[in-house]
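Hello,

Here is the structure I promised to pass on. Please open it first, then read the notes below.

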Amino acid sequence: MKIIKKILLFITILIVSEISFADHHWKNIEYQTIQVRENIYAMMAEGGNVAVFIGDEGTFLIDDQFAPLTEKMLSEIKNLGGNTPRFLVNTHWHFDHTGGNENLGKAGTLIFAHDNVRKLLSEDNTIQVFNKELPASPREALPVITFSTDTSFHINSETVHAFHVHNAHTNGDSVVHFQKANVIHAGDVWFNGFYPFIDVEHGGSLMGMINAATTIINMADGETVIIPGHGPVGNKAALVEYRDMLVLVLDKLRTYKSQGKPVQEVVEAKPTQELDAIWGDGFLNPDQWISIVYSGLEAPKK
Ligand SMILES: [Zn+2]
């Protein structure tokens, strides 16, 4: 009996300390806000980069990080002169970009995304490479309006065009273009400065990432501000460097694929060795990255 009590006490302490650790973690996070145009801001804390567009017809938001940050995010938006967002676009389904959906949906924000975002959020899901279980989201967290190719918002004297890019970071990515302001939110098509995670379990592919990056590059000019899903706010020149790195890696991996090499052998061959000093110090180490990308690669057609 005493032992059981001790075990129960130990478990309680573990649970309580985990909760207070989590509390402490979120409390200590502060938003860093960068003004990219007169009324468009990039906001960074933890998770995917947020963009907010403020005007007299309403506040327009792109992505919303994690649920425990919603309150801080909203107070930061108020400081900038905005309100609870009228519209929200999710660039894709990942939890570090959609975690605030339920809070915002309940607050009356209308959520937009590609069809597959709603589909993936509606079901129990897993991301096996991270051993992550993602239970189906409640109704309030789901996009209310979905699209298959694109949609446009005509708000605050701006045209905001959200369009789908195929099988890039996931099977449901959107890029968002503020046409007059010349600002683009690339979502997780762009990890600025490091190897990108590609969700090959849910339709992502290296080829799609390259195509999507090229689409954005072709839309951009020297003045375009490009907000990546992760990493610092950037521009066309930085996106070109990243896209060219992806092309180099794809070429190498395709050669291995056509030789039928198993993934472990490819990882051990260190195919990105000369690129790792620049790109390998981010979210994924080079071995993890190669393993994910290679396993999602189709053998080239002969
Ligand atoms: Zn993502």
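Which strands does helix α6 lie across? Helix α6 covers residues 206-219 and lies across β11 (158-165), β12, β13 and β14. Its direction is at about 5° to β12.

Keep in mind that this is a predicted model.

**The sheet**

The strands under discussion belong to an open sheet of five. The order is β10-β11-β12-β13-β14, and the pairing is mixed. Look for the edges at β10 (150-155) and β14 (225-227). Each of these two pairs on one side only. On average, neighbouring strands in this sheet are turned by 15° against each other, direction ignored.

Now take one pair from it. Strand β12 spans residues 173-178. Three bridges join β12 to β13, and the two run antiparallel.

**The domains**

The protein chain is divided in two. Domain 1 takes residues 1-30, and domain 2 takes 32-238. How many Å apart are the C-alpha centres of domain 1 and domain 2? They lie 34 Å apart.

**Confidence**

The average pLDDT of the protein chain is 93. A score of at least 70 is reached by 92% of the residues. Where is confidence lowest in the protein chain, and where is it highest? The lowest is helix α1 (residues 2-27), with a mean of 67. The highest is strand β13 (residues 183-185), at 99.

Best wishes

Methods
Residues are numbered from 1 along each chain as its sequence is written. This is a predicted model: local features need pLDDT of at least 70, side-chain atom pairs count only at pLDDT 80 or more; totals for chains, interfaces and linings use all residues. Domain bounds come from an automatic or database domain assignment. pLDDT is the predictor's confidence in each residue, from 0 to 100. Helices (H or I, at least four residues) and strands (E, at least two) are DSSP runs, numbered from the N terminus. Two strands pair if DSSP finds at least two bridges between them. Axes are lines fitted to C-alpha atoms, for helices over the stretch in contact, and angles run from 0 to 180 degrees between N-to-C directions. Two residues are in contact if their C-beta atoms, placed from the backbone, lie within 7 Å.
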